[in-house]
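Here are some notes for a colleague who is opening this structure for the first time. Please read them with the model on screen, taking the points in order.

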Amino acid sequence: MPEAAEADDEEEMPLSLRLSIADTLTLGNATCGFMAVYFTTTGILIPHLSGSQETGMARHSAATAVILMLCAAVFDLFDGLVARKLRSSPMGAELDNLSDLISFGLAPAYFVLVYGMVADDAHQRVAAVGAIVVLLAVVLRLARFSCVTVKDGTFQGMPSPFGALTVVSIVLLELPFVATVLAVLGTAWLMVSRVEYPKPRGRLAVAMLSWIVLSMGLLAAWAFDAPSGQLLLQTGCALQLVMGAVIPLFATARRVNNFRDNRREARAAQLP
């Protein structure tokens, strides 16, 4: 009996290799990111290279790929909430960074790359540079997030899920190529900037989840060619871009106001 107990202890999985519920959600995030790349390849790139003229399949695949990125954002939102409420394994942070790199780095960068190959007015090499910049911005952002401590309740730089959704929204808007590339590069810069973004907690998390669900509905309406589906999609993409531009402005204005208030308090304290 003692020998059996020792054997069981030896065969017991180390604590560092046990997956928690939060880790399972994180792996769902990575799966969605990989499948987004799959649908972008099989539904958009391969038909284009084979000379297929069926636009409906490309529209369905593009919508599916972006919906999968939205699902990855949902998994990313909930794995943090679950980890705080329950627990996460010792490798939870590493799993989260690797999954985010797939879903919010590789998938949107690949989406931009394929756009540069299939769009009529696009330049493939320039689009490839834009895609590389997006990927590297996410890599740098995730690396900085792991080693830089910021004040509680905020992110430094645009969060990678928000940045990924902004990048694909820019592509889906079908702007002129130069405007698309400039907007993509601007989003990549925001991801590595020092602009503060609030963390999605409480009401903000509910609002973010509601926005994701609404975006999925807009994409589905566009994919199935519903009445005014194109207009609805463009409206949703434009709102995503507006939020990406307005949040840094509010954050900057709040920082300036705080700086002014601190200076006034310091001056008041110096007065006799």
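1. In this predicted model, the lining of the largest pocket draws at least two residues from each of α2 (21-49), α3, α4, α5 (124-147), α6, β2, α8 and α9. The element that gives the most to this lining is α3, with 8 residues. The volume of the largest pocket comes to about 1,100 Å³, and 41 residues line it, of which Asp76, Phe155, Pro159, Lys199 and Pro200 are the closest to its centre. Sorted by class, the lining is made up of 25 nonpolar, 7 polar and 9 charged residues.

2. The cavities deserve a separate look. Across the whole structure, a search finds 3 cavities of 30 Å³ or more, and the largest cavity has a volume of about 140 Å³. Of the 14 residues that line the largest cavity, Val66, Ser169, Ser215, Leu219 and Cys237 are the closest to its centre. At least two lining residues come from each of α3 (55-85), α6 (160-172), α8 (203-223) and α9 (229-270). The lining of this cavity holds 10 nonpolar and 4 polar residues but no charged ones, whereas 9 charged residues are counted in the lining of the largest pocket.

3. For the overall layout, the protein chain contains 9 helices and 2 strands, and from the N terminus on its elements follow the order α-α-α-α-α-β-α-α-β-α-α. Of its 272 residues, 41% count as buried. Among contacts with a separation of 6 or more, 81% are between residues 24 or more positions apart.

4. The UniProt record, an unreviewed entry, places the feature "transmembrane region" at residues 27-49, 61-81, 101-119, 126-143, 163-192, 204-224 and 230-253. Residues 163-192, by contrast, are 87% helix and 0% strand, with end C-alpha atoms 10 Å apart.

5. How many aromatic pairs does the count come to? The count comes to 2 aromatic pairs, and one of them joins Tyr38 and Phe39 in an edge-to-face arrangement, with 5.3 Å from centre to centre and 80° between the planes. Tyr38 is partly exposed, having a relative accessible area of 42%, and Phe39 also counts as partly exposed, at 26% relative accessibility.

6. Tyr115 and Phe177 have ring centres 6.2 Å apart and planes at 25°, so this pair is stacked. Because Tyr115 lies in helix α4 (residues 92-118) and Phe177 in helix α7, the pair ties together parts that are 62 residues apart in sequence. Both Tyr115 and Phe177 are buried, whereas Tyr38 is partly exposed.

7. Leaving aside residues up to four places away in sequence, Ser193 touches Arg144, Gln156 and Gly157.

Methods:
Residues are numbered from 1 along each chain as its sequence is written. This is a predicted model: local features need pLDDT of at least 70, side-chain atom pairs count only at pLDDT 80 or more; totals for chains, interfaces and linings use all residues. Side-chain values use heavy atoms; hydrogens and water are left out. UniProt positions are given in the numbering used here, feature names are shortened, and annotations may be inferred rather than shown by experiment. Helices (H or I, at least four residues) and strands (E, at least two) are DSSP runs, numbered from the N terminus. On a 1 Å grid over the protein atoms alone, a cavity is a set of points where a 1.4 Å probe fits but cannot get out, and a pocket is an open set with protein on both sides within 12 Å along at least five of seven lines; lining residues have an atom within 4 Å of a point. Grid points are joined across faces, edges and corners, and a volume is the space filled by probe spheres set on the points. Ala, Val, Leu, Ile, Met, Phe, Trp, Tyr, Cys and Pro count as nonpolar, Asp, Glu, Lys and Arg as charged, and the others, Gly among them, as polar. Contact means heavy atoms within 4.5 Å. Rings of Phe, Tyr and Trp (its six-membered ring) pair if their centres lie within 6.5 Å; planes under 30 degrees apart count as stacked, over 60 as edge-to-face and the rest as tilted. Buried means under 20% relative accessible area, exposed over 50%, partly exposed in between (1.4 Å probe, protein chains only).
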